Amino acid sequence: MKFKGSENYVATQDLMLAVNAAITLKRPLLVKGEPGTGKTMLAEEVAASLGMPLLQWHIKSTTKAQQGLYEYDAVSRLRDSQLSSIEGSEKVKDIHNYILKGVLWQAFTAEEPVALLIDEIDKADIEFPNDLLRELDRMEFYCYETRELVRAKNRPLVFITSNNEKELPDAFLRRCFFHYIKFPDATTMQQIVDVHFPSLKKELLAAAMKTFYEVRNLPGLKKKPSTSELLDWLKLLVAEDIPLEVLQSKDDKVSLPPLLGALLKNEQDVTLFEKLVLMNQRNR
């Protein structure tokens, strides 16, 4: 079982090696990188390429590790016991009816191997990764309410993404294979754009790419535009039929690009770029 890339996702050689290394080692693949560099999409494309169902667990600040295993709905059971008649109490007697299976339980008990995405793990509490150490390492957990050991029938292919908002514990990192998705260079970025916009005119693409990297490389940006924001911007340029002349500057000076809000997402960065444009205009 090897990942060799896909038509919808431009994977660099080192990224494909990382995915296949995680498969060989049977360890979770921890993927870090700037937001918008395709970490979540990687799991989707690998699962599709290998013909595996994908289960997704999107982490929030309030997410607890237990929710990935199961939750016992004691409130519903109490309510049903109060409302049910003697004849209708069979459901209440069976505690399994009130066990809500989490995504890890579903992955462990699936009849065929599945891919499991734990997305943006750094959003959760610092104890969240530690609480999953045993389950991800041994591929099993114990359900105390039903007194059963839930063990993986097939080891899932686990992807864990992080935007590096929090440091992850060393004990957790030891159990993962790590890969950092670097921001694409111009050549790789052009391949990515070609996947999404195969019919885009080369002149327009070249001008848009030049402008994009000028914006991204501006010193002092609070948030640099990402790959996904470039794709959004190109989609708008095509939809609004922006002429090539608007993106090209006659004397190679920095100019204010159209639809700038697709690239820069806070007023500090917009002001900084506008100041740069003004300085360039004064120096003409």
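Let's start with the lining of the largest cavity, which is made up of Ile-121, Asp-122, Ala-124, Asp-125, Ile-126, Pro-129, Lys-166, Glu-167 and Leu-168. A cavity here is a set of points, on a 1 Å grid over the protein atoms alone, where a 1.4 Å probe fits but cannot get out, and lining residues have an atom within 4 Å of a point. This is a predicted model, where local features need pLDDT of at least 70 and side-chain atom pairs count only at pLDDT 80 or more, while totals for chains, interfaces and linings use all residues. Residues are numbered from 1 along each chain as its sequence is written, and side-chain values use heavy atoms, with hydrogens and water left out.

The volume of that largest cavity is about 30 Å³, where a volume is the space filled by probe spheres set on the points, and points are joined across faces, edges and corners. Its lining has five nonpolar, no polar and four charged residues. In this scheme Ala, Val, Leu, Ile, Met, Phe, Trp, Tyr, Cys and Pro are nonpolar, Asp, Glu, Lys and Arg are charged, and the others, Gly among them, are polar.

Now the largest pocket, at about 640 Å³. A pocket is an open set of points with protein on both sides within 12 Å along at least five of seven lines. It has 32 lining residues, and Tyr-9, Gly-36, Thr-37, Gly-38 and Ile-181 are the closest to its centre. Which element gives the largest share of the lining? That is H10, with four residues. Helices (H or I, at least four residues) and strands (E, at least two) are DSSP runs, numbered from the N terminus.

H10 brings us to helix packing. H10 (residues 186-196) and H11 (residues 202-216) pack at about 125°, with axes 12 Å apart. Axes are lines fitted to C-alpha atoms, for helices over the stretch in contact, and angles run from 0 to 180 degrees between N-to-C directions. H10 and H11 are therefore oblique to each other; angles under 35 degrees are roughly parallel, over 145 roughly antiparallel, 65 to 115 roughly perpendicular, and the rest oblique. In H10, Ala-186, Met-189, Gln-190, Val-193 and Asp-194 meet Leu-205, Met-209, Phe-212 and Tyr-213 of H11, contact being heavy atoms within 4.5 Å.

Finally, H11 also packs with H12, at about 135° and with axes 11 Å apart, so H11 is oblique to H12. Leu-205, Ala-208, Met-209, Thr-211 and Phe-212 in H11 meet Leu-230, Trp-233, Leu-234 and Leu-237 in H12. That contact has eight nonpolar, one polar and no charged residues.
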